[in-house]
Amino acid sequence: MTAESQTILKLGVPKGSLEDATINLFERAGWKIRKHTRNYFPDINDPTIAASLCRVQEIGGYIEAGILDLGIVGLDWLMECGLEDKVVRIADLVYSKTSNRPCRWVLAVAGDSPYQNPRDLEGKRIATELKGLTSRYFDRLGINVNIFYSWGATEAKVVEGLADGIVEVTETGTTIRAHGLRIIDEVMCSYPVLIANKDAMNNPEKRAKIEQITLLLEGALRAESLVAIKMNAPADNLDAILGMLPSLNSPTVSPLQDNRWLSVETVVNIDVVRDLIPRLRKAGAEGIIEYALNKVGGVMQCAQNAVALDTVRRTVALCEIEHERTEEVHVSEANLVEEPPRVTFSDISETLGNRIKRFFPRNFNPLRIHVQALFRVGALHRSLYAIRVVRVL
């Protein structure tokens, strides 16, 4: 085995109901997986990854054995095969073939049956594809039932009189109800999980690749529920507009050539936009733009640092101009994340040194800078602070 082959990450992509949703997720994360009609080894636009299409029930076993290094498997089949402690569980990726909701394994009976709870099924026949988990479920409840494996069309087993109840997976319950069945209990909640081989996690190169994939997959999933909005806000009503804006951390506020206006940008949940935009318009915001996001990094890390770095660059440039007339830029102590209660321009410029590019010309002449809040920028240095400019009067 060559050194190059030892560093290729072997990725298991689930075949079947999760197949298209998983390939779409990887594409949003930056990896395009192109399937072939005659084999199970799709192309991927990354020479350090070799992808294989596998049944979701088998991926966990392949990863435990080292045949695959990384893969996506349902939590249900990971537990069914007893592999929770034999692989490394990297991340929970909550999505399904039709939505971003987890699925449920439920106990269902005929709609007109007398069974109202699991104990009513004592001694009865239960059909399921998930024999191990179903057995543990009834053992935990102390109920003795006869469990047999269903090779498919599980919902029909009750209708045909072959079983008194079933344990079956569902997202919405629609198929269960369509077969005239009634859910009487939930056995477990399941969703895709990203798992890795233990030896692969001890390989520095493979571990770095796994962490990269994890970060971007999670970011792509998170972005599905978020949008970015950008607007021009009147300076004299900025506080009211900022009060309307939920965000990952704090909105980005930037000066415009006309100092009566500011550019405001933030990330919000997609569900609030339809109510938020009319309120922003009433508050005087103009030029409101909504746009989709491809990926959102760690809410408390990547997204915060990206916003913070941009804010630092713009703020330091403004502080440099203001410093020509004043020695200090004051901040409100009530809004400090932590001390110090004021930051001088020299403090900022000495800390950042030549790492900050000056964005604005020296002749840009705002009358006064009002600073509302202070927060840490962990990407540069633990003791480094950034100022968020919220008004240029």
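Reader: Happy to dig in! Which residues does Thr 134 touch, not counting those up to four places away in sequence?

Author: Thr 134 touches Ile 126, Thr 128, Ile 147 and Val 167. Keep in mind that this is a predicted model.

Reader: And where is Thr 134 placed?

Author: Thr 134 belongs to helix α5, which spans residues 131–141. That helix lies across β7, β8, β9, β10 and β11, and runs at about 170° to β9.

Reader: Is Thr 134 buried or exposed?

Author: The general idea is a cut-off: a residue is called buried under 20% relative accessible area. Thr 134 has 0% relative accessibility, so it counts as buried.

Reader: Nice. Now the sheet: in what order do the five strands come?

Author: The order is β9-β8-β10-β7-β11, in an open sheet with mixed pairing. At the edges sit β9 (146–149) and β11 (181–190), each pairing on one side only. From one strand to the next, the twist averages 25°.

Reader: In what sense do β8 and β9 pair?

Author: They pair in the parallel sense, over four bridges. Ile 126 has Ile 147 in β9 as its bridge partner, and both of these residues are touched by Thr 134.

How values were computed:
Residues are numbered from 1 along each chain as its sequence is written. This is a predicted model: local features need pLDDT of at least 70, side-chain atom pairs count only at pLDDT 80 or more; totals for chains, interfaces and linings use all residues. Side-chain values use heavy atoms; hydrogens and water are left out. Two strands pair if DSSP finds at least two bridges between them. Helices (H or I, at least four residues) and strands (E, at least two) are DSSP runs, numbered from the N terminus. Axes are lines fitted to C-alpha atoms, for helices over the stretch in contact, and angles run from 0 to 180 degrees between N-to-C directions. Contact means heavy atoms within 4.5 Å. Buried means under 20% relative accessible area, exposed over 50%, partly exposed in between (1.4 Å probe, protein chains only).
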